[in-house]
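Q: Could you take me on a close look at the pockets in this one? I'd like to know what lines them.

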Amino acid sequence: LARQLAPETPFVFVSGAIGEELAIELFAMGATDYVLKDRLDRLVPSVQRALRDTDVRRERQKAEAALRESQATLETLMSNLPGMAFRCEPSEPWRFSYCSAGARELTGYACEELMTQSIGLADLIHSDDRALVAESLTGPGEAQRTVRYRIRRKDGSECWIWDRSVRIYDT
């Protein structure tokens with residue numbers, strides 16, 4: 001009844017005699033803690049711990065909601081960009097770890113295909129341009145690069161790409 005009426009309120013029960021089976025059953029029904037009647041000195045610490053745990057849970061739920069909102073905002077922004085925004089691994093074959101919805105129009109592949117079928121950028125780059133792109137992505141120089149190259153789309157057609165990339169170094 002307490003869980004139905006106030007699901008966020010911690011519930012600590014006090015009992016004169018409780019067995020292990022009943023305690024497990026009460027925890028399964030949503031009790032936060034229990035204190036035996038002959039150990040009431042443990043009631044205040046138990047309630048304080050339950051309130052702290054509730055605060056932590058509430059803060060985590062807020063943070064998770066904020067993260068979901070941030071991800072939705074980013075996805076909305078990315079899906080409205082012309083072309084394709086993507087992130088790939090730093091070494092060949094440069095597997096995609098993120099791509100925007102523009103991937104389908106540009107490459108013919110849906111983002112899910114690029115990421116789950118382990119299609120890397122190297123798999124798309126025209127063989128005549130692969131060395132140029134490899135130098136741009138891995139060679140010395142500025143962290144921000146611009147390079148033009150051709151890709152082979154899913155349907156086999158070729159398409160010229162103007163790629164502006166930024167290297168992000170991270171452990």
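A: Here's a walk through the pockets, with a stop at one serine at the end. Keep in mind that this is a predicted model.

Let's start with the largest pocket, which holds about 920 Å³ of space. Its lining is made up of 29 residues, and the ones nearest the centre are Phe86, Arg87, Cys88, Ser165 and Val166. Several elements give two or more residues to this lining: β3 (86–88), α4, α6 (121–124), α7 (130–138), β5 (144–152) and β6 (158–166). The top contributor to the largest pocket is β6, with seven residues.

Now for the second largest pocket, with a volume of about 160 Å³. You'll find Leu1, Ala2, Arg3, Gln4, Phe11, Phe13, Leu26, Met29, Gly30 and Ala31 around it. Helix α1 (residues 2–5) puts in the most here, with three residues. Sorted by type, the lining of the second largest pocket has seven nonpolar residues, two polar and one charged.

Last stop: serine 100. You'll spot it in the loop that runs between β4 (96–99) and α4 (103–107). Serine 100 counts as buried because its relative accessibility is 0%, and the cut-off for buried is under 20%. Who's around it? Setting aside neighbours within four places in sequence, serine 100 is in contact with Met78, Gly83, Met84, Ala85 and Cys111.

Note on methods
Residues are numbered from 1 along each chain as its sequence is written. This is a predicted model: local features need pLDDT of at least 70, side-chain atom pairs count only at pLDDT 80 or more; totals for chains, interfaces and linings use all residues. Side-chain values use heavy atoms; hydrogens and water are left out. Helices (H or I, at least four residues) and strands (E, at least two) are DSSP runs, numbered from the N terminus. Buried means under 20% relative accessible area, exposed over 50%, partly exposed in between (1.4 Å probe, protein chains only). Contact means heavy atoms within 4.5 Å. On a 1 Å grid over the protein atoms alone, a cavity is a set of points where a 1.4 Å probe fits but cannot get out, and a pocket is an open set with protein on both sides within 12 Å along at least five of seven lines; lining residues have an atom within 4 Å of a point. Grid points are joined across faces, edges and corners, and a volume is the space filled by probe spheres set on the points. Ala, Val, Leu, Ile, Met, Phe, Trp, Tyr, Cys and Pro count as nonpolar, Asp, Glu, Lys and Arg as charged, and the others, Gly among them, as polar.
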